[in-house]
Amino acid sequence: MKIGKLNVNNKILLIIIILFGLALRLIFEVGMVGSGESPIDAYRVYMGDFNLSIEYQTTAARIGHVYPTALFYKLFGVNEFSAYLYSLILSIASILLIYLLGITLFDEKVGIISAFLISFFPLNVNYATHLYPDLSQAFFTGLAVYFFLIGENKTKISQQIIWYSLTGIIIGLSFLTKESGITIFLFLGLFVLYKFLYKKERIRLTYAAILIIFIAILVLQLVHSYVVSGDYLLRFHMIEKYYYDTIP
């Protein structure tokens, strides 16, 4: 990429942007203040208590966020840095992801500019050292879009199945992290509809791989809920209880 009279290698520029983003997040560390119940839920899992109850906050059922945090507790001990390390890693990974999306949809210049902008985007910097699931869910949603777009560029059915299956896995992780992860199906549905109505392209049968994998993950989550609580629909009952408890 050309900056003034300088010709800078894009990979070197991307590394500099990532290091800048990491430094910014560590300098403006927020910590666990206001991070909800997630640190407590992760600690319970770390101690070997996998039992869930409808009395717990909804964060307890978001195993896609709680379990990785418990893993970092196991690896690095129970401390504030371990608690937000998962969010920090995904925040930095978001810089690389937006770069890849930029060059996939446009070109290298757009990718670099996008990566630089998200490196200091206030909400991303703020949530990088929190333990909220929002940043994790946003990252997985973006990653699912990236994998889906790669699948769109493939002509071989076997390659399409691989990338669409990966899309389904990531959507599943996004949903396990936060319920709103399922909204990506709205984007995918509109995209497929646009191709069908305006570009007159046939709907690919390989799209079914996305739904099959996601449904498989959903079923596994229902089984997990039953194993740890005796209630297949525990997560949804917890959300329902939390929602009605907040209504005055």
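The lining of the second largest cavity divides into four nonpolar, three polar and one charged residues. Here Ala, Val, Leu, Ile, Met, Phe, Trp, Tyr, Cys and Pro count as nonpolar, Asp, Glu, Lys and Arg as charged, and the others, Gly among them, as polar. This is a predicted model, in which local features need pLDDT of at least 70 and side-chain atom pairs count only at pLDDT 80 or more, while totals for chains, interfaces and linings use all residues. Residues are numbered from 1 along each chain as its sequence is written, and side-chain values use heavy atoms, with hydrogens and water left out.

**Cavities and pocket**

A cavity is a set of points on a 1 Å grid over the protein atoms alone where a 1.4 Å probe fits but cannot get out; a pocket is an open set with protein on both sides within 12 Å along at least five of seven lines; lining residues have an atom within 4 Å of a point. Points are joined across faces, edges and corners, and a volume is the space filled by probe spheres set on them.

| Space | Volume |
|---|---|
| Largest pocket | about 230 Å³ |
| Largest cavity | about 50 Å³ |
| Second largest cavity | about 40 Å³ |

The second largest cavity is lined by residues including Leu52, Ile63, His224 and Arg235. H10 gives the largest share of this lining, three residues. Helices are DSSP runs (H or I, at least four residues), numbered from the N terminus.

Leu52, Ile63 and His224 also line the largest cavity, among them with Asp41 and Arg44. H2 and H3 each supply at least two residues there. That lining has seven nonpolar, two polar and three charged residues.

The largest pocket has 14 lining residues; closest to its centre are Ser94, Ile118, Asn124, Ala138 and Phe139. H7 gives the most, five residues. Ten of the lining residues are nonpolar, three polar and one charged.

**Nonpolar cores**

A nonpolar core is a set of buried Ala, Val, Leu, Ile, Met, Phe, Trp, Tyr and Cys residues joined through side-chain atoms within 4.5 Å. Buried means under 20% relative accessible area (1.4 Å probe, protein chains only). The largest core has 39 residues, and Leu143, Tyr146, Phe148 and Ile171 have the most contacts inside it. H7 supplies its largest share, eleven residues.

A second, separate core has nine residues, including Leu13, Leu14, Tyr99 and Ile118.

Phe148 touches Tyr164, Thr167, Leu188, Phe191, Val192, Tyr207 and Ile210, not counting residues up to four places away in sequence. Contact means heavy atoms within 4.5 Å.

Methods. Buried < 20%, exposed > 50% of the residue type's maximum accessible area, 1.4 Å probe, protein only.
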